[in-house]
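Hi,

Here is the structure I promised to pass on. Have a look first, and my notes follow below.

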Amino acid sequence: AYYDLGNQYSRLGRFDVAIEAYKRAIRRDTDFIKAYNNLGLAYTANGEPEKAVVVLRRATALAPDYAKAWSHLGSAYAEMGDHSKAILTFKKAIDVDPGYGRAYNNLGLAYASLRLYEEAEEAYKRALKVDSANVNAVFNLGKLYAMTGDEPAAQEQLTRLQTLDPW
């Protein structure tokens, strides 16, 4: 019940209350991986990525094959500005689940933050190979092309985005 309550408060943007609900769920079941994962997400959304890292490390220790926890840990590192650690962690998520397109997209964001544009482009393209309808990867690839001066490629991605997600 507390896990579901945390999810509801997270959807409402009430991360402070969601955090308390997830903590209660974990107190009832100290191996509740999804509760650790969502607690980490709530901490990150609440502007507390350092706390998210602690919780998500616990989640990855309990379930090393849970790609979402690895990816969310990478996002917490990125939020802290540690893009090198984020890259390593997103790669771990991909190793665990090569079909997890969101991890490739997040990897691209981390590379782009370090101005490693070729690597970012490759990560976004791999995200789209896994899920051709990943609107975030299409948007980020278009943004990358615009930032690097490739206007025709940027326009192509914007057109693709409008096809995938019409206004």
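To start you off: is Phe32 buried or partly exposed? Before the answer, bear in mind that this is a predicted model. Phe32 counts as partly exposed, because its relative accessibility is 25% and buried means under 20%.

In one of them, Tyr3 and Tyr22 sit 6.0 Å apart, centre to centre, with 55 degrees between the planes, so by angle the pair is tilted. Tyr3 is in helix α1 (residues 2-11) and Tyr22 in helix α2 (residues 15-28), so this pair links distant parts of the chain, 19 residues apart. Both Tyr3 and Tyr22 are buried; for Tyr3 the relative accessibility is 16%.

Tyr3 also pairs with Phe32, again in a tilted arrangement, with 4.8 Å between the centres and 40 degrees between the planes. Phe32 lies in the loop between α2 and α3 (33-45), whereas Tyr3 is in α1, so the pair ties together parts that are 29 residues apart in sequence.

Now the core. The largest nonpolar core has 50 residues, and Leu39 and Leu107 are the ones that touch the most other members. If you leave aside the neighbours within four places in sequence, Leu39 is in contact with Ile19, Tyr22, Lys23, Ile26 and Val55.

Leu107 brings me to α7, where Leu107 is one of the buried residues. Helix α7 covers residues 101-113, and at 1.5 Å a residue its 13 residues should span 18 Å; the end C-alpha atoms are 19 Å apart, which agrees. Of those 13 residues, 10 are buried, so α7 is largely enclosed by the rest of the structure. Besides Leu107, the buried ones include Gly101, Ala103, Tyr104, Asn105 and Asn106. Further along the helix, Gly108, Ala110, Tyr111 and Ala112 are buried too. What do they pack against? The partners are α5 (67-79), α6 (83-96), α8 (117-130) and α9 (135-147). Just after α7, have a look at Arg115, which takes a positive phi of about 60 degrees.

On to the charged side chains. How many salt bridges are there? The count comes to four, and here are some of them:

- Lys51 bridges to Glu48, the closest N and O atoms being 3.1 Å apart. Lys51 is partly exposed, with a relative accessible area of 44%.
- Lys125 bridges to Glu121, where the closest N and O atoms are 3.1 Å apart. This pair lies in helix α8, four residues apart, about one turn of the helix. Lys125 counts as partly exposed at 38% relative accessibility, and so does Glu121 at 22%.

One more charge worth a click is Lys92: its charged end sits over the ring of Trp70, 5.5 Å from the ring centre.

Where is Ala63? You will find Ala63 in the loop between α4 (49-62) and α5. At 10% relative accessibility, Ala63 counts as buried. Apart from neighbours within four places in sequence, Ala63 is in contact with Ile33 and Trp70. Ala63 and Asp31 are 32 residues apart in sequence, and their C-alpha atoms are 9.1 Å apart in space.

Cheers

Definitions and conventions:
Residues are numbered from 1 along each chain as its sequence is written. This is a predicted model: local features need pLDDT of at least 70, side-chain atom pairs count only at pLDDT 80 or more; totals for chains, interfaces and linings use all residues. Side-chain values use heavy atoms; hydrogens and water are left out. A nonpolar core is a set of buried Ala, Val, Leu, Ile, Met, Phe, Trp, Tyr and Cys residues joined through side-chain atoms within 4.5 Å. Buried means under 20% relative accessible area, exposed over 50%, partly exposed in between (1.4 Å probe, protein chains only). Contact means heavy atoms within 4.5 Å. Rings of Phe, Tyr and Trp (its six-membered ring) pair if their centres lie within 6.5 Å; planes under 30 degrees apart count as stacked, over 60 as edge-to-face and the rest as tilted. Helices (H or I, at least four residues) and strands (E, at least two) are DSSP runs, numbered from the N terminus. A charge sits over a ring if NZ of Lys or CZ of Arg is within 6 Å of the ring centre and within 35 degrees of the ring normal. The expected span of a helix is 1.5 Å times one less than its number of residues.
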